[in-house]
Every structure is written in C-alpha cells, then in structure tokens.
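Grab your viewer and work through these exercises one at a time. Try each task before you read its solution.

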Amino acid sequence: MRKIIIPVLLGLLLWTGYFGYTQHKMNEDLARRTENQYQRSFHELVWNVETINSQLAQTLISSSPEQVMLSLTNLWREAFAASSNLGGIPIAMVELDKTEELINDIADYSYFILKKNNLENKKLTEKEWDKLQELYERSLVVRDELQKIESTVLNRDLSFVEVETVVLRNGKKLDDNTIVEGFQTIEQKVKAFPDLQFDEGVHKIEPEPRSIDGKEITEEEAVQIARRFMNDHDGPIAAAEMSFSADGKIPVFGVKTVKEGEKIPTYLEITKKGGHVIQMYMERAINESKLDFRAAEEKARQFLEKHDFKDIDLVDINTDTNTAIFTFVPTQKGVRLYSDMVKTHVALDNGQVIAFDQTSYLSYHHERNIGTPKIREEEITKSMNPNFEVQQIALAYVPSEFKKGLEVLCYEVRGKIKEERFILFVNADTGEDFRIVRITKPREFEVTVR
Amino acid sequence: MRDKLLVKTLTVVLLLTIFIVMAGMDFFSVIDNRTLLYGTTGQDVQELQIKLKDLGYYTGEADGIFDLETHSAVKWFQKRFCLRNDGVVDTLTWAMLNIIGPGQAFAQNSTTSSNDVYILAKMITGEARGEPYIGQVAVGAVIMNRVKSSKFPNSVYAVCFQPGAFDAVRDGQYYLPPTSTALKAARAAISGWDPTNGALYYWNPATATSKWIWSRRILLRIGKHVFGI
C-alpha cells in the first residue's frame, strides 16, 4: 500500500509546486503591467513639469508676442496633462493640495493671458511678467524634486505598486520611502512660498453666496419646521428626528421625517439661520407615470406658489424614471435671474413634488437694478448665424464665470440648428456671444441593477 | 490493523485533496465540459443555450452555434454572478450554470440610465452599500464635488479611478451591478443634491488607514462616514 501512496503523494507535491509557481508567475505578470502604467504616468508627469518649466522660462525671455502666445498655449496644454498624470500615480496618501493648486494656477493663468492677448496681440505687462516669474520659480522647485525622485526610481528600480500595496493599503512605511517622501517634500516646498494672488478673471469662480437673513434656530426648532413642512406637504407625520448637522457653505440641520404608516423616510435640510427649508427629498418608490409634463409642471408651480415663489419662469425640463425635473428662475421686470434657480422633482404617478432644492435661490436672490439693453432685439436676431433658427428670445441676467458678483444683461436666444437645440446668451450691450449652452439629454442605456 | 486504518484515512484524504485541487484547476473542462467561446459549435453549446434560456439570459434559438447573441448572454450571466465576464464559458462558468436555478441568487432588474449615472451608482454600491440613503447620496455628492474641483480630475470616471482614491475600485466591488437604491442616490447626486454642502473627502473613522485624513476639516457625519474638506 505504502509503495503506491508515497509516489502518488510525491507526484502531488510536485504538481502543487508547479501549480503554485505558475500562479506566482501570473501574479508577477499582472503586477508588472500595473507597474508599467504607473511608471508611464510618473515619467510623463516629470516630462510635463520639465516642459512647463522651460516654457515659462521662454515666456519670460521672449519679447515677441507671437512667441509668447506659442509658449502660453504649450503651457496650458502641459499643465492639463500634468494634472492628469499626477492623478495616475498611487500617491493618494500624500497631501498635495498646494502642488495641485500650482499646476492649476499655471493652466488658468496662461489661459487668462492667452484669452486677453489674443484679441489685442500685445506684449506681456510688467505685472504679468512678474506673475509668470513667480510661477516659474515654483515650477523650478517642483521640477528639481521630481527629477530627483525620477533618478532614484530609475537607479534603485523603485516600484509604485509597492508604494500602493505597502503604504497606501496597509499604512506602513517602506524601507526605501523615496517616492512618498519626495512628493511630501514637493508639497512642503511649494507650501513654503507665499500664496499667489491673482487678479479677478483668472480662476473660474462660484458666485459668493449672500448671507441668509433671520435668527439662529435650535435643533428642536429645525425638527418642528420639518414636521410642519411635511405635515402640510405629505400628510400626517409619524416621526421627525435630527439626522445630522453640517457646517458647509450654508450651515444646515438635516432632519429625517417618516410618514404615518410608512417606513421610507424623507430628508429635509433646514438652514441654521432663518430656518428655511433649503432642500427636501422624499425617497419613496414611484409607480407608473400617469401624468404628462404639462400637468406635472402645473403641480410644480402650485407647490412653489404655496411656498412664496412668485414671478417664476420655467427654463429647463429634465426626466428621470417616472419623474420630471423642472428648473425655474425668478424674474424681475420680465428679466430672468439665472443665478437664483429653484429645482423641483415631480413624481409622474400622482403629481407629488418629491424633491425641492432652493439652495441657489436662497444664496443669490436679491433685488437687482435692472438696466436697459443698448442693443435692440431686432438687431440681435438680424446678426444671428443664418443656420440658427430662433424660437424664443428673452432678457436675462447671467452670472459671470470669472468675476465675482458680476452679472451680465443678456438676450437669451433659444433655437436650433437642424435637430440640435441651443441657448445663446448674447451680451445685450455689446452684442457678443456671452455663453452658448447646448441642450442635450444624456443618452440612456439599458442597465442591470440588483 | 492500525497500519490499515492509517492507509485508509490517508487514501480518503488524498482523494479529497485531488478532487478539490482538480476542481480549482481547469481539469473539469477536460473531463466534463470543454471551454466554449465565440465560434464554437456542438451539442454542449446547445446545452449551454438551453441552460441560459431557462435562466432567462438568452432569448435566441438553441441551435448549438455560439454566436454573438450567445456571447452576450454568457457575458451578462457572468457579470451577474461576479465571474470574469469575458464571454468564455470556462469551468467556473459551467459550475455556476449547474448550481444556479431560475430566479436564484441576485434578484435582477433592468432599467435605463446614462453611463455617468451608472458609474456613480457602481461606486456608491461598492463604497456605501450598507449606509442610509442620504449617506449614499453624500458619497455620490463627494465624487461630483471632486469633478467640479480644480484639485481633482474633471470627469466622473477619472475621479473614481484615481489610484488609491476609493476602496471599491481597489477591491473590485466596483465591478458588481449596483443596487437600485444606489442608482437612485447617483441620480440625486448628479442632479445636484449635496447633503454635505461641498465636502471633498469622506472616510470611515473605524477603518481609515491614513492619518493625514484627520487634518481635513470635518463638516458632518452620516452613518459610518465622516465628511470633510
């Protein structure tokens, strides 16, 4: 018996060994492929930063506008590539806020000058030169450190996969921690520079929210407000309780309410100041659609009217499964105020408003000094691209993407080219296109859920 | 006498080991079923088609030809049962096909969604399946806030797939079908609902490995997660 078992066991052992070996090989192969991806991103990042640095240098020494423009275009492109490649290496455990900000600054600032000088074809101002000089100094530091890391990576064959498995996943330190420490050094060195101050118009901004009027409310009051709101909106409420408290841009209390005889809750956010219901989301299941959009819009309008939203125009309709999403903006003397949006979701089964969001309205709504447009409506329609079929035209205040607190009086021209629908916002004083919005619905596909 | 018992036990253990190891290897395909892929024909393909049809994954003819329709049915089946969905019917797929009865395992539903929403729903499922609904929306909102932020990549996909940014991508939970709740939460987040009011990070205080995450300013706490900027 033994005579048989021993060779069989031995054979099995050999075979297991072979099996383990092939598995190991496969694993190694997989890790190598991942490593190659990381290495590519890293070396490209170094290359991007080198290019950024040399292009900045070229901008600084050149005196011909054309050459400067060329360098600035390259800068803009390389900065985007750098931030994308930085996102491709596994160093999420290192804080790189300032470094990322620097790369973003370079992209934004080069674009800013490009945009400005493209129209006027003029030389850099002294101020711009100084700013580019400052960016150059910072990029030099980043470049030097990156090159140091690169040389060590090449010399000692350091692995990013190892960084990912040991440092990122297990929170341990590597024996050779050059990569992690290198990036930490970059961040520290960039941090050590004084903060760069840019003029308005360089970075895209979100309009600063206005402070909300009213007195501070307590948690109990918030619960009371939510209870009253939902009692009125959805029938008797069985329970209302504090869910969370958040101190973001607008401090709010989150309250959860449950309707009598039901289990699925509704969430409301109530501003700590003034006690406004800023958002409401009901999480109920929605049955087959019974209403059309017109009826649903009427329901949304009724709801908003009840909550004191007057003079509102519907500007956008969206759909979701058995739900219609309506976006309204308030008007003042017939001018649409685009900053002050209110969104409502209407369930198409029974027409109930199941979600409501007035964050923008609360943040930005105020009385405007309505100006008169310098250009007449007929002139605008006359100068339109002949392929563009105008369907509707209205006046609107549109917030600037770059200047704080600036709103531009525009003609809002809705129309289409073939089947593509657009909204053109045309500056009502200069006649230039201020913003072009293409109205597209994201394509929906069949998907599986569990 | 004792020797005999020993030999017997050893034999049993040996047979068992062989069986288990073989099950792990592709030996079944040699012994039982061969590996089927696009273009294969034969009795076993027909058998496969009948099985898929019974389970509701295949609607075409059981003609024994592994065509595109069969291929996509196999992929769908594999995806649903967390197999590598390459459309190749290997041992594991055969095994799963034999185990599963109609309507078993993951209850499935189909609906429609845009790709961005679907990606977000998968992330939410992988990251926050056990969380309350609002906590799931909050996770989606953090991803959307990152898309808008200049410090992070500019698309939903690029944000989700930053190396090391999300556990669900690392451990593969992203590659499972999302729950319908997560899909709803994803829609809410994409339509602009942000319960966190601008948070860019979240972490689970119980399991967070990285210490620097605590240097972030905490905005709020929902369920198991802490949200911050």
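## Exercise 1: Confidence in chain B

Task: find out how far chain B can be trusted, and where confidence is lowest and highest.

Solution. This is a predicted model, so start with the confidence values. Chain B has a mean pLDDT of 80, with 86% of its residues at 70 or more. Next, go element by element: helix H2 (residues 27–31) of chain B has the lowest confidence, with a mean of 43, while helix H7 (residues 133–148) of chain B has the highest, at 92. Finally, look at residues 26–31 of chain B, where the pLDDT is below 50; leaving aside near neighbours in sequence, the model gives this stretch 10 contacts.

## Exercise 2: The nonpolar cores

Task: work out which residues of the largest nonpolar core touch the most other members.

Solution. The core has 54 residues, and the ones touching the most other members are Leu120(B), Ile143(B), Val156(B), Trp193(B) and Phe227(B). Now ask who contributes: H7(B) gives the most, nine residues. Then zoom in on Ile143(B). Skipping residues up to four places away in sequence, its partners are Leu120(B), Met123(B), Val156(B), Val159(B), Cys160(B) and Phe166(B). A separate core of 50 residues includes Leu86(A), Val94(A), Val167(A) and Ile186(A).

## Exercise 3: Where the chains meet

Task: describe the contact between chain B and chain A, from residue counts down to a salt bridge.

Solution. Count residues: chain B puts in 62 and chain A 52. Then get the area: the two chains bury about 5000 Å² between them, 57% of it on carbon and sulfur atoms. Of the area chain B buries against chain A, Pro163(B), Trp193(B) and Asn197(B) supply 13%, more than any other three residues. Trp193(B) also turned up in Exercise 2, among the core residues touching the most other members. Last, the charges: there are two salt bridges between the chains. One pairs Arg216(B) with Asp97(A), with the closest N and O atoms 3.1 Å apart.

Conventions:
Residues are numbered from 1 along each chain as its sequence is written. Chains are lettered from A and ligands numbered from 1 in the order in which they are written. This is a predicted model: local features need pLDDT of at least 70, side-chain atom pairs count only at pLDDT 80 or more; totals for chains, interfaces and linings use all residues. Side-chain values use heavy atoms; hydrogens and water are left out. pLDDT is the predictor's confidence in each residue, from 0 to 100. Helices (H or I, at least four residues) and strands (E, at least two) are DSSP runs, numbered from the N terminus. Contact means heavy atoms within 4.5 Å. A nonpolar core is a set of buried Ala, Val, Leu, Ile, Met, Phe, Trp, Tyr and Cys residues joined through side-chain atoms within 4.5 Å. Buried means under 20% relative accessible area, exposed over 50%, partly exposed in between (1.4 Å probe, protein chains only). Buried area is the accessible area (1.4 Å probe) that two parts lose on being put together, summed over both. A salt bridge is a side-chain nitrogen of Lys or Arg within 4 Å of a carboxyl oxygen of Asp or Glu.
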